[in-house]
Amino acid sequence: MARDYNKVILIGRLARDPLVSYTPSKMKVARFTIACGRQWKDKNTGEIRSQADFITCVAWTYLAEVLEKYTSKGKQLMVEGRLSVRDFDDPKTGTHKWITEVVAENIILLGSPAQGAQHQNFSLPQDEANVWAQPQQPQPSNDFGSLRGEVGFDDAFPLDFSQLDGDTNDSSANTGEVEIPF
């Protein structure tokens with residue numbers, strides 16, 4: 001089995017309000033564009049240069065609802081997902097077209113605390129089959145950057161520090177610190 005990995009993480013601002021629509025099977029979908037800027041120093045002139053990349057993204061089911069309710073043009077957010085490339089025949093022009101977009105699996109709403117914004121994390125449930133069967137309400141999480149809930153994450157730390165014997169002649173024993181034997 002191949003050990004491939006398709007992961008995209010973007011932090012940027014919405015270039016426009018998300019476009020929310022429904023598929024024929026009544027599934028909510030939001031299409032949005034994130035502007036991600038970068039800066040560098042020009043080697044020849046020493047001038048600071050900048051450029052923005054506009055990246056097309058798509059969110060399904062309740063992530064689309066989160067975008068519809070809580071975001072608008074200019075809102076800063078983080079999108080975590082996968083890169084998707086698909087093709088289709090355009091019925092209007094009769095040409096074959098390719099689309100590259102990020103399919104969102106996790107969205108964190110960012111913003112300045114001075115503006116009263118709170119970071120809110122919205123993720124797709126682990127069992128994607130339930131997402132397609134029944135729409136669920138968004139579940140905000142304040143556990144930013146945690147791997148809890150990821151497949152294969154084990155919360156049990158393999159070492160119990162209380163069972164380590166400290167050398168009483170060692171200076172670390174006086175401070176209450178324990179030397180880790182690896």
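Tutor: Buried means under 20% relative accessible area, exposed over 50%, and partly exposed in between, using a 1.4 Å probe and protein chains only. This is a predicted model, in which local features need pLDDT of at least 70 and side-chain atom pairs count only at pLDDT 80 or more, while totals for chains, interfaces and linings use all residues. Residues are numbered from 1 along each chain as its sequence is written, and side-chain values use heavy atoms, with hydrogens and water left out.

Student: Is Asp42 buried or exposed?

Tutor: Asp42 counts as buried because its relative accessibility is 16%. Asp42 sits in the loop between β3 (28–41) and β4 (48–60), where strands (E, at least two residues) and helices (H or I, at least four) are DSSP runs numbered from the N terminus.

Student: Which residues does Asp42 touch, not counting those up to four places away in sequence?

Tutor: A contact means heavy atoms within 4.5 Å, and on that basis Asp42 touches Glu47 and Arg49. A polar contact is a pair of N or O atoms within 3.5 Å; within protein, one must be able to donate a hydrogen and the other to accept it, and residues adjacent in sequence count only if both atoms are side-chain atoms. The side chain of Asp42 makes such a contact with the side chain of Arg49 at 3.4 Å, and the Asp42 side chain also reaches the backbone nitrogen of Thr45 at 3.4 Å.

Student: What is the phi of Thr61?

Tutor: Thr61 has a positive phi of about 50° although it is not a glycine; Thr61 belongs to helix α1 and is buried at 9% relative accessibility. Lys26, with a phi near 70°, lies in the loop between β2 (19–22) and β3 and is exposed at 67%.

Student: Where is the pLDDT below 50?

Tutor: pLDDT is the predictor's confidence in each residue, from 0 to 100. The chain has a mean of 76, with 60% of its residues at 70 or more, but pLDDT is below 50 over residues 128–139 and stays under 50 over residues 143–148. Where pLDDT is low, the predicted coordinates should not be read in detail.
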